[in-house]
Amino acid sequence: MLSLHRLPSLPPLGLTAVHTALCASLFLFAYLQLWLLLYYRQRRLSYRTLCLFLGLLWAALRTTLFSFCLQGSPRALRLPQPFAHWLLHCLPGCLLFCSLCLLTLYFPAPPFCCPVAFPCLSGGLLVLLYLGSILTSLLFLVVNLTCAMLIHGEVPQDQLRWTVLARALVNDSLFILCAISLACCMCKLGKMSSHTPPIRSSWQ
């Protein structure tokens, strides 16, 4: 069990309350949007629904964590159960990374992409792009889950330091690569002529 004096201090109560309110508002917004999609019988499996569902999960986890912090419990910052700690602290980061990968896949998605912006994307390259995004998301998830389990296990301090460093390197590298890919897609779309805009039907 973790002793209370080794746990980090809680953030200010007012700031925690603001974060809780914002995350709860985001949860309600995503929940309402998903119900509207169901009510108007739009496509249930699309880029929009996936992004809304990821946002719904992220907001729910963050609202739960900040609600614990509002109760004044310092153990909310580092839960003694490994899975609970990973669920509330690490999984939201994994959901953000999956959302970034989803946005990266959205722009060149056929048949809704613009061939002027992405002339080199054929069927085989698109399959590799989808597989690469899925494998990258799984790698991000496995690395964070493994590191969360090791942090709560009986590992030497030196090994724990290298574990945290490896997780930070993997997370930052994958985030940077996906951000660069997304920025390249947006730059290509920005250079297109205003007379040939890409179709956005895949979002719906």
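There are eight aromatic pairs in this structure. A pair here means that ring centres of Phe, Tyr or Trp (its six-membered ring) lie within 6.5 Å, with planes under 30 degrees apart called stacked, over 60 edge-to-face and the rest tilted. The model is a predicted one, where local features need pLDDT of at least 70, side-chain atom pairs count only at pLDDT 80 or more, and totals for chains, interfaces and linings use all residues. Residue numbers start from 1 along each chain as its sequence is written, and side-chain values use heavy atoms, leaving out hydrogens and water.

Here are two of the pairs:

| Pair | Centre to centre | Angle between planes | Type |
|---|---|---|---|
| Y31 and W35 | 6.3 Å | 75° | edge-to-face |
| F97 and F175 | 5.3 Å | 80° | edge-to-face |

Y31 and W35 sit about one helical turn apart, because they are four residues apart in helix α1. Ring pairs also tie F27 into a cluster with Y31 and W35. The other pair joins distant parts of the chain: F97 belongs to helix α3 (residues 82-106) and F175 to helix α5 (residues 157-190), 78 residues apart. F97 is buried at 0% relative accessibility, while F175 is partly exposed at 29%. Buried means under 20% relative accessible area, exposed over 50%, and partly exposed in between (1.4 Å probe, protein chains only).

Back to helix α1, which covers residues 13-39. Helices are DSSP runs of H or I with at least four residues, numbered from the N terminus. Its buried residues include T16, C23 and L37, and the buried residues of α1 pack against α2 (47-70). After α1 comes R41, with a positive phi near 55°.

Technical notes:
Helix = DSSP H or I, 4+ residues; strand = E, 2+ residues; numbered from the N terminus. Expected span 1.5 Å × (residues − 1). Contact = heavy atoms within 4.5 Å.
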